[in-house]
Amino acid sequence: MARVRLSVAERREELLRAAIGQIEERGVAAVRIADVAAALGVSNALVLYHFSTKEKLLAAAFAHAAEGDLAHLRGLLDRRTTALRRLRAAVRWYAPTGQAKGWRLWIEGWAAALREPALREVARGLDRQWKAAIAEVIAEGVAADEFRCPDPTASALRLTALLDGLAVQLTSYTGTVSRARAQQWVDEALARELGLEEAELRA
């Protein structure tokens, strides 16, 4: 069967999705241009035409994944409801016990970023935008007198550190902590940062 002719943008997105799938399956170090090409049934030359090197392909794949995560986060935080509900929805989605996909991808990315400046910049950008968005919603909740938090920026950093650390434990060290216990810790941390009782958090 003949392949459907795609636009340049559509082809790039198809290649990026395939690269993300290969990273999650094989790990950053093991992925080859040939693996991405084979996953789509295209030539190595086509992949190289769009990205020229494996490093550029991988950096673009992580950037694509980051854009998707940030778009979903913005959707959660732009809802017309209280700051507390928006914040809780975002944290629960991002937590490794929630519906966010790709934790294996990001753990691979963090490891590779130690050696790859392009990946490091993508990971840093995602981290910076996530923290800024969470800090902004916390500040909105404080202004609306929904909860108390003397330093939204610091709270966003502490929450992110906990969520990222739990992601490593649940993804890389299966059995170290249960999903139920991890979710309990996330709820406790969020309530503590907002000066609330856990019951108020769940109300």
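Helices are DSSP runs of H or I, at least four residues long, numbered from the N terminus. The structure described here is a predicted model. T160 is found in helix α8. Its relative accessible area is 2%, so T160 is buried. Leaving aside residues up to four places away in sequence, T160 touches Y94, D127, W130 and K131.

Helix α8 spans residues 152-172, and helix α9 spans residues 179-194. Two packed helices are described by the angle between their axes and the distance between the axes. For α8 and α9, the axes come within 10 Å. The crossing angle is roughly 175°. Angles over 145 degrees count as roughly antiparallel. The two helices, α8 and α9, are therefore roughly antiparallel to each other. On the α8 side, the contact is made by S155, R158, L159, L162, L163, L166 and L170. On the α9 side, R179, A182, W185, V186, A189, L190 and E193 take part. By residue class, the contact of α8 with α9 divides into 10 nonpolar, 1 polar and 3 charged. An α-helix has 3.6 residues a turn, so residues three or four places apart point the same way.

Helix α9 has 16 residues. From its first C-alpha to its last, α9 reaches 23 Å. This is close to the 22 Å expected at 1.5 Å a residue. Buried positions in α9 are A182, Q183, V186, D187, A189, L190, A191, E193 and L194. Among them, A182, V186, A189, L190 and E193 also belong to the contact with α8. The buried residues of α9 pack against α8, and also against α5 (83-94), α7 and α10 (198-202). G195 follows α9 and has a positive phi, near 65°.

S52 has a phi of about 65°. The place of S52 is in the loop between α3 (44-51) and α4 (54-77). S52 counts as partly exposed because its relative accessibility is 40%. D145 likewise has a positive phi of about 65°, although it is not a glycine. D145 lies in the loop between α7 (117-143) and α8. With a relative accessible area of 67%, D145 is exposed.

Notes
Residues are numbered from 1 along each chain as its sequence is written. This is a predicted model: local features need pLDDT of at least 70, side-chain atom pairs count only at pLDDT 80 or more; totals for chains, interfaces and linings use all residues. Side-chain values use heavy atoms; hydrogens and water are left out. Axes are lines fitted to C-alpha atoms, for helices over the stretch in contact, and angles run from 0 to 180 degrees between N-to-C directions. Angles under 35 degrees count as roughly parallel, over 145 as roughly antiparallel, 65 to 115 as roughly perpendicular and the rest as oblique. Contact means heavy atoms within 4.5 Å. Ala, Val, Leu, Ile, Met, Phe, Trp, Tyr, Cys and Pro count as nonpolar, Asp, Glu, Lys and Arg as charged, and the others, Gly among them, as polar. Buried means under 20% relative accessible area, exposed over 50%, partly exposed in between (1.4 Å probe, protein chains only). The expected span of a helix is 1.5 Å times one less than its number of residues.
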